[in-house]
Amino acid sequence: GLAGLLLSRRRPEQLPVERGPRRDAASAAAAPAAEPAATGDLEDGVAAYRERDYAQAFLLLVPLAERNEREAQFLLGEMYRKGEGLVPSVEEALPLFSKAAEAGHVRAQLALAQMHETGEGVERNADAALQWLTRAARSGSAQGQLTLGLHYIRVETRRDFEQAAKWIRLAADQHDAEAEYFYARLLLEAE
């Protein structure tokens with residue numbers, strides 16, 4: 001059934017790079033503006049990460065993360081969280097994810113939501129998980145919308161098929177193949 005399919009996820013190399021210091025109104029007021037990153041450095045850092053050259057990625061991404069480049073912060077957070085070329089450290093990953101998420105980085109928001117949902121490195125907190133998922137979905141990201149929709153199916157205490165259908169449909173309307181699939185499944189199972 002649908003519940004068994006909810007765990008499928010895209011790999012990092014399939015996801016778009018989020019560049020620059022895009023912010024929502026609340027985070028723009030709360031934090032100083034990021035210095036623009038050198039595009040070549042970021043692209044080189046992302047390429048090194050995708051090629052699993054983690055030593056090179058680390059060298060290129062650290063200075064960018066220190067200058068508040070949200071994609072660099074997110075990728076370094078992933079490297080620490082997953083132990084990619086580094087000793088695994090959720091304690092090092094959390095502040096990197098938090099900075100990127102506050103600046104509007106959708107995948108960082110989704111990572112924090114997952115960590116709060118599962119209790120990975122933080123106290124398990126379903127409300128915090130839902131807040132991060134909602135921010136990601138409201139940004140207009142198909143990935144954020146789909147993940148929030150699936151959350152409304154997967155988490156028993158929040159099960160709400162109407163909300164699930166709303167968010168998954170918004171993602172499907174953006175021609176996200178995974179969202180189109182799940183929306184079709186919801187429609188079929190509703191009959």
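From the N terminus on, the elements of the protein chain follow the order α-α-α-α-α-α-α-α-α-α-α, which amounts to 11 helices and zero strands; helices (H or I, at least four residues) and strands (E, at least two) are taken as DSSP runs and numbered from the N terminus. The model is a predicted one, in which local features need pLDDT of at least 70 and side-chain atom pairs count only at pLDDT 80 or more, while totals for chains, interfaces and linings use all residues. Residues are numbered from 1 along each chain as its sequence is written, and side-chain values use heavy atoms, with hydrogens and water left out.

Two values describe the chain as a whole. Of the 191 residues of the protein chain, 47% count as buried, where buried means under 20% relative accessible area, exposed means over 50%, and partly exposed lies in between, with a 1.4 Å probe and protein chains only. Of the contacts in the protein chain with a separation of 6 or more, 54% are accounted for by residues 24 or more positions apart, contact meaning heavy atoms within 4.5 Å.

The crossing of α9 and α11 is left-handed, a term used if the near helix is turned anticlockwise from the far one by less than a right angle, with right-handed used if clockwise. On the α9 side the contact is made by Leu146, Leu150 and Ile153, and on the α11 side by Glu178, Ala179, Phe182 and Leu186. By class, the residues of this contact of α9 with α11 are six nonpolar, no polar and one charged, given that Ala, Val, Leu, Ile, Met, Phe, Trp, Tyr, Cys and Pro count as nonpolar, Asp, Glu, Lys and Arg as charged, and the others, Gly among them, as polar.

Phenylalanine 182, which lies in helix α11, counts as buried because its relative accessibility is 2%. The C-alpha atoms of phenylalanine 182 and arginine 169 are separated by 8.8 Å, although the two residues are 13 residues apart along the chain.

The loop between α10 (161–172) and α11 holds histidine 175, and glutamine 174 has its place in the loop between α10 and α11 as well. Histidine 175 has a phi near 65°, a positive value in a residue other than glycine, and histidine 175 is exposed, with a relative accessible area of 66%. Glutamine 174 is partly exposed, at a relative accessible area of 39%, and, not counting residues up to four places away in sequence, glutamine 174 touches Gly140, Ser141, Ala142 and Gln145. Between glutamine 174 and glutamine 143, which are 31 residues apart in sequence, the distance from C-alpha to C-alpha is 10.0 Å.

On a 1 Å grid over the protein atoms alone, a pocket is an open set of points with protein on both sides within 12 Å along at least five of seven lines, whereas a cavity is a set of points where a 1.4 Å probe fits but cannot get out, and lining residues have an atom within 4 Å of a point. The elements that give two or more residues to the lining of the second largest pocket are α4 (54–66), α5 (70–82) and α6 (90–102). Among the residues that line this pocket are Phe58, Val62, Asn68, Tyr80 and Pro95, and by class the lining has seven nonpolar, two polar and three charged residues.

Two of these lining residues can be looked at individually. Asparagine 68 sits in the loop between α4 and α5 and has a positive phi of about 65° although it is not a glycine; asparagine 68 is partly exposed, with a relative accessible area of 30%. Proline 95 is found in helix α6 and is partly exposed, with a relative accessible area of 40%, while proline 95 and glycine 77 are 18 residues apart in sequence and 8.0 Å apart in space, C-alpha to C-alpha.
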